[in-house]
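I opened this entry to keep track of what I looked up and in what order.

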Amino acid sequence: MGYLTLAGAITAEILATTSMKYSEGFSRLWPSLATVAGYLVAFALLAQTLKTMSVGTAYAIWSGAGTAVVAAIGMLFLGEAATAAKLLGVLLVIAGVVVLNLGGAH
C-alpha cells in the first residue's frame, strides 16, 4: 500500500508543479488553485506513505521521480531544451532512486 500512496503523491506533485508553470507567478486563478491543491494532496499522501516506508527512501523516490518526470514534461511539451547535460542529469536521478531501492526500501 505504501508504494500506491507514494505513486499518488508523485502524481499530485507532478500535476501541481506543471500547474505552477501555467499560473504565471500565481497571477492566474485556476492554475494557482490547482498548484495549491496538488501540493496539499501530494504532502498528505506522502505523510501516509511514511507510515509504512522509511523517510529517506520515500522522499528520494518522491523527489527523484517528480524531478525526472517534470524535466521530461518540460523538454517534451513546454519547449525546454533537451541538452545532453539535462538528459544525463535525469538519468542520474533515476539511477540514484534505483540504487536507494536496491539498498532496501522499508
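**Entry 1. Whole chain.**
I noted at the start that this is a predicted model. I counted elements and got 4 helices and 0 strands in the protein chain. Read along the sequence, the pattern is α-α-α-α. I took the box along the principal axes, and the C-alpha atoms fill roughly 40 × 35 × 15 Å. I then looked up burial: of the 106 residues in the chain, 33% are buried. For contacts between residues at least 6 apart in sequence, I found that 62% join residues at least 24 apart.

**Entry 2. Helix 1 and helix 3.**
For helix 1 (residues 2-22) and helix 3 (residues 55-77), the axes come within 9 Å and cross at roughly 40°. That angle makes helix 1 oblique to helix 3, because the roughly parallel class is kept for angles under 35 degrees. I logged the crossing of helix 1 and helix 3 as right-handed. On the helix 1 side, the contact is made by Tyr3, Leu6, Ala9, Ile10, Glu13, Ile14, Thr17 and Thr18. On the helix 3 side I listed Ala58, Ile61, Trp62, Ala65, Gly66, Val69, Val70 and Ile73. Sorted by class, this contact has 12 nonpolar, 3 polar and 1 charged residues.

**Entry 3. Helix 3 and helix 4.**
From helix 3, the residues in contact are Thr57, Ala60, Ile61, Gly64, Ala68, Ala71 and Met75. They meet Lys86, Leu87, Val90, Val93, Ile94, Val97, Leu100 and Asn101 of helix 4. By class I have 11 nonpolar, 3 polar and 1 charged residues for this contact.

**Entry 4. Nonpolar core.**
Which residues have the most contacts inside the largest nonpolar core? I found Leu6, Ile10, Leu46, Ile61 and Trp62, in a core of 13 residues. Helix 1, helix 2 (29-49) and helix 3 are the elements that give two or more residues to this core. Helix 1 gives the most, with 5 residues. I followed up on Leu46: leaving out residues up to four places away in sequence, Leu46 touches Leu6, Ala9, Ala58, Tyr59 and Trp62.

**Entry 5. Backbone in the loop.**
I checked phi next, with the background that most residues other than glycine have a negative phi. Glu24 has a phi near 50°, a positive value in a residue other than glycine. Glu24 sits in the loop between helix 1 and helix 2, and at 53% relative accessibility it counts as exposed. Phe26 is not a glycine either, and its phi is positive at about 60°. Phe26 is found in the loop between helix 1 and helix 2. At 49% relative accessibility, Phe26 counts as partly exposed, because exposed requires over 50%.

**Entry 6. Gly56.**
Is Gly56 buried, partly exposed or exposed? Its relative accessibility is 46%, so Gly56 counts as partly exposed. I also took the C-alpha separation of Gly56 and Leu100, which is 8.8 Å for residues 44 apart along the chain.

Definitions and conventions
Residues are numbered from 1 along each chain as its sequence is written. This is a predicted model: local features need pLDDT of at least 70, side-chain atom pairs count only at pLDDT 80 or more; totals for chains, interfaces and linings use all residues. Side-chain values use heavy atoms; hydrogens and water are left out. Axes are lines fitted to C-alpha atoms, for helices over the stretch in contact, and angles run from 0 to 180 degrees between N-to-C directions. Angles under 35 degrees count as roughly parallel, over 145 as roughly antiparallel, 65 to 115 as roughly perpendicular and the rest as oblique. A crossing is left-handed if the near helix is turned anticlockwise from the far one by less than a right angle, and right-handed if clockwise. Contact means heavy atoms within 4.5 Å. Ala, Val, Leu, Ile, Met, Phe, Trp, Tyr, Cys and Pro count as nonpolar, Asp, Glu, Lys and Arg as charged, and the others, Gly among them, as polar. A nonpolar core is a set of buried Ala, Val, Leu, Ile, Met, Phe, Trp, Tyr and Cys residues joined through side-chain atoms within 4.5 Å. Buried means under 20% relative accessible area, exposed over 50%, partly exposed in between (1.4 Å probe, protein chains only).
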